[in-house]
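These are my notebook entries on one structure, set down in the order in which I looked things up. The sequence and model come first.

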Amino acid sequence: MAMGGASFPFQWPEEPADAGLDDVTLPPLPTAVPDAAGIAAAYYADAATYMHAMQHMEALPDFAAALAAMRREEEEAAGIRLVHLLMSCAGAVEAGDHAGASAHLADAHAALAAVSPTSGIGRVAVHFTAALSRRLFSPPTPSPPPAAEVADGAFLYHRFYEAGPYLKFAHFTANQAILEAVQGCRHVHIIDFSLMQGLQWPALIQALALRPGGPPSLRLTGIGPPSPPGRDDLRDVGVRLADLARSVRVHFSFRGVAANRLDEVRPWMLQVSQGEAVAVNSVLQLHRLLADDPSADDARPRAPIDAVLDCVASVRPRVFTVVEQEADHNKPGFLDRFTEALFYYSAVFDSLDAASGGAGDAAAEAYLELEICDIVCGEGADRRERHEPLRRWRDRLGGPRAGAGLAAVPLGANALRQARMLVGLFSGEGHCVEEAEGCLTLGWHGRPLFSASAWRAAEENNQSDSCNADGSRRAAAAPVRRAISAAAARAWVSQS
């Protein structure tokens, strides 16, 4: 065979005699004719290389692990760069530099391709990038984000409830505090600031049905937005709850109060009667009533939260249960607010992924997308999601300068123990429940995500003789445990 102008002394056979060497990569043919000694040296060198490779085949798993680690490091570096670009864009937005913000946003869109969409930062960055695009390029007139165009809020709330432990933790902890507060009371009136689909109340109704000495009569006042024409969503929820209460022999009555905003509700609308033990429940609602700048002085207009807390105090509740996001998204500076939200929702998305076994839930993520879009795009009165940490809620509700007339009710060891049991049943590893000065927090790898607290009127309603003076909290704990372990609430919701 001719090659490079010199004749080669032999050629390889088309079919190698040893079939076991089919996969061996042959060395390139030389361009000059070596002598016999060179041929032998090359042959033995190639054979030694082959044998060396064969001896180290067992090292391939280590190589694969090293390659995977290298890819993870590359993706982590890409994620850090993406976060830096998003924060740079937010900083330009705060500075009023539209051109700079647009350039950073374009780079962020390009950087998304290098980050896995299944990773925590990859999934959350998609929503924050979309929210920044919306803020920069959408028309001034606010319009609903994409998630709201395909599903209503009640549906997304339901899916968020099913996908993770967050609302289950909220409902269970609030129910436990209510049961303990009304132990021994014959007439109980619960005022729910956001009825939604009534997901919280089947477990409580069943717990009351199992109460030693028999269940009390239960009134539920559910507050929610007005229904579209031809529907009465509040009434429909009330009918389903009444059917459940009838099946477990709890005397039950329901009344819906339609209001676009909680500060539109007045005490007379709640129709609290003499002799009732009142419990007020707020799950993820109070932050929407806060002022634009929580550090403003007393000269600012009265915030809606003040009117609502005055309303709560006026009905003198035995317990006022409050669950809020453990975050700080009410800062006046856009960059600070954006940065806090980016890291908070990264943790929430990671925890949601673990709770779903890595499968994810598009509707549950859409629920969070609505919050992200509001935090990033809304300003002034248009922004509703104004999450604040537990320490500020303590000061606002029961601090020395608070005007709400409320006192803290510590959530006891029973609530902590059973909340941990509940979270263990409905979530993956990494979620944790901790006690903090009488309140409970649900966290992800040590980072608190949601907080639960309980309060009562500083001058409790003692005009009623409908409650036993010696009703113990320990007696109320057993029914909650039995009701929650049956998972009756989820079965009820699946039929609604």
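**Entry 1: strand S7**

I began with strand S7 (residues 319-325) and found seven of its seven residues buried, so the strand is largely enclosed by the rest of the structure. For buried I took under 20% relative accessible area, for exposed over 50%, and for partly exposed what lies in between (1.4 Å probe, protein chains only). Strands (E, at least two residues) and helices (H or I, at least four) are DSSP runs, numbered from the N terminus.

I note that this is a predicted model, in which local features need pLDDT of at least 70 and side-chain atom pairs count only at pLDDT 80 or more, while totals for chains, interfaces and linings use all residues. Residues are numbered from 1 along each chain as its sequence is written, and side-chain values use heavy atoms, with hydrogens and water left out.

I then sorted the side chains of S7 by direction. Val319, Thr321, Val323 and Gln325 point one way, Phe320, Val322 and Glu324 point the other way, and all are buried. In a regular strand the side chains alternate between the two faces of the sheet.

Which strands pair with S7, and in which sense? Strand S6 (residues 277-283) pairs with S7 in the parallel sense over five bridges, and valine 280 stands opposite phenylalanine 320 in S7. Strand S11 (residues 447-457) pairs with S7 in the antiparallel sense over six bridges, and threonine 321 stands opposite alanine 454 in S11. I count two strands as paired if DSSP finds at least two bridges between them.

**Entry 2: salt bridges**

I searched the whole structure and found 15 salt bridges, each a side-chain nitrogen of Lys or Arg within 4 Å of a carboxyl oxygen of Asp or Glu. One of them joins arginine 123 to aspartate 353, with the closest N and O atoms 2.6 Å apart. Arginine 123 lies in helix H4 (residues 120-137) and aspartate 353 in helix H12 (residues 334-355), so this pair ties together parts that are 230 residues apart in sequence. Arginine 123 counts as buried, at 12% relative accessibility.

I next looked up arginine 159 and aspartate 361, whose side chains meet in a salt bridge (3.1 Å, N to O). Because arginine 159 lies in helix H6 (residues 153-163) and aspartate 361 in the loop between H12 and helix H13 (362-377), the pair ties together parts that are 202 residues apart in sequence. Is aspartate 361 buried or exposed? Aspartate 361 is buried, with a relative accessible area of 15%, and arginine 159 is partly exposed at 31%.

**Entry 3: helices H6 and H7**

Two packed helices are described by the angle between their axes and the distance between the axes. I found that the axes of H6 and helix H7 (residues 166-181) come within 6 Å and cross at roughly 90 degrees. The axes are lines fitted to C-alpha atoms, for helices over the stretch in contact, with angles from 0 to 180 degrees between N-to-C directions. H6 and H7 are therefore roughly perpendicular to each other (65 to 115 degrees). Tyr157, Phe160, Tyr161 and Glu162 in H6 meet Tyr166, Leu167, Lys168 and His171 in H7, where contact means heavy atoms within 4.5 Å.

**Entry 4: leucine 132**

Leaving aside neighbours within four places in sequence, leucine 132 is in contact with Leu86, Cys89, Leu105, Phe334, Phe338 and Val376. The C-alpha atoms of leucine 132 and phenylalanine 338 are separated by 10.0 Å, the two residues being 206 residues apart along the chain.

Methods:
Angles under 35 degrees count as roughly parallel, over 145 as roughly antiparallel, 65 to 115 as roughly perpendicular and the rest as oblique.
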